[in-house]
Amino acid sequence: MVDCVRVVVDAMGGDFAPEEPVKGAVAALAEREDLHIILVGQEDVIRRELEKAEYPKERLSVVHAGEVIETGEPPVNAIRKKKDSSIVVGMNLVKKGEADAFISSGSTGAVLVGGQLIVGRIRGIERPPLAPLIPTERGMALLIDCGANVDARSSHLVQFAKMGSIYMENIMGVKTPKVGLVNIGAEEEKGNALVKETYPLLKECKDINFTGNVEARDIPAGVCDVVVCEAFVGNVILKLYEGVGATMLKKIKGGLMSSLRSKIGAVLIKPALKETMKAFDATQYGGAPMLGLNGLVVKTHGSAKAGEIKNAVFQAIQFKQQRINEKIKENMIFGQDKQEV
């Protein structure tokens, strides 16, 4: 019998809940036999959605959660007061060992707070970062942190670099991933106090492949595999990435439809263009995991559709099967560098 990875999907989170989370979960079940889905949320609502689909009933469970945390609610208060919300109930399943991962398109703040307060940090991890994959000319890079720790310290960034390297090597198959520190110039002496303090610490790390500073304009070219920064900078990079990508796509479509000649040309290049644009679609890799927790928590876009949810489930399976948490524990020696041991 195949050992199943148990993945909780928040059926009430996101702009298109419960339809898209349920559809994504069912689609994942259809493609993987090593999977058990636990849908968390208002059971009657979830059951109505499930009636529209065919799925292996023995590999799907529904856990009732009567409350929903809305996007505008203060995250800490919501987590503490709404004990019967889909986010709290789902994360408690991970905490108790009844599930291996939790996926939500709901309130980012609540997911981040819940990850730390409920699932809990791995011993020695100072701040769990949110780490999405972003498309580059050479494939994908991990942006770490993009939203969890706005006021980070140099020791946090060092841990981000180590965890990001472990993730890229084991999940994305990148041997000796290149680590870059986001800065306003390539020179070591440039930057604010945080990056000036962090640079020599990363330079001294023997267990990562630190290649120096990276400017924002060089990130899309794929000069490094792990892009290290605190969350304020990371979130700006991520949102600009998404905005420019959407604008470029709109401009390309407009140009192709501007004349009869361009329309004919569009028909000819459509297959190649579609394949190229697919490579720059980050949703095919799932969501952004919170690294450094005792269990996996994945945050997808609030506007996530079924495809992104499905891929986030596959991401969770790989995370579990590759023992990422165990490797983070095994490979990181906290509070000191390896050469001092």
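Reader: Are Tyr167 and Phe319 buried or exposed?

Author: First, a caution: this is a predicted model. The cut-off for buried is under 20% relative accessible area. Both Tyr167 and Phe319 are buried.

Reader: What kind of aromatic pair do Tyr167 and Phe319 form?

Author: Look at the planes of the rings. Under 30 degrees is stacked, over 60 is edge-to-face, and the rest is tilted. Tyr167 and Phe319 sit 6.5 Å centre to centre with 45 degrees between the planes, a tilted pair. The pair links distant parts of the chain. Tyr167 is in helix α6 and Phe319 in helix α10, 152 residues apart.

Reader: How many aromatic pairs does the count come to?

Author: Two. Tyr199 and Phe210 also pair, with ring centres 5.2 Å apart. Their planes are at 75 degrees, so this pair is edge-to-face. Tyr199 belongs to helix α7, Phe210 to strand β8. Tyr199 counts as buried at 11% relative accessibility. Phe210 is buried too, at 16%.

Reader: At what angle do helix α6 and helix α7 pack?

Author: About 50 degrees, with their axes 9 Å apart. That angle makes α6 oblique to α7. The crossing of α6 past α7 is right-handed.

Reader: Which residues make the contact?

Author: From α6, take Ser154, Leu157, Val158 and Ala161. From α7, take Leu194, Glu197, Thr198, Leu201 and Leu202. Sort the contact residues by class: six are nonpolar, two polar and one charged.

Technical notes
Residues are numbered from 1 along each chain as its sequence is written. This is a predicted model: local features need pLDDT of at least 70, side-chain atom pairs count only at pLDDT 80 or more; totals for chains, interfaces and linings use all residues. Side-chain values use heavy atoms; hydrogens and water are left out. Axes are lines fitted to C-alpha atoms, for helices over the stretch in contact, and angles run from 0 to 180 degrees between N-to-C directions. Helices (H or I, at least four residues) and strands (E, at least two) are DSSP runs, numbered from the N terminus. Angles under 35 degrees count as roughly parallel, over 145 as roughly antiparallel, 65 to 115 as roughly perpendicular and the rest as oblique. A crossing is left-handed if the near helix is turned anticlockwise from the far one by less than a right angle, and right-handed if clockwise. Contact means heavy atoms within 4.5 Å. Ala, Val, Leu, Ile, Met, Phe, Trp, Tyr, Cys and Pro count as nonpolar, Asp, Glu, Lys and Arg as charged, and the others, Gly among them, as polar. Rings of Phe, Tyr and Trp (its six-membered ring) pair if their centres lie within 6.5 Å; planes under 30 degrees apart count as stacked, over 60 as edge-to-face and the rest as tilted. Buried means under 20% relative accessible area, exposed over 50%, partly exposed in between (1.4 Å probe, protein chains only).
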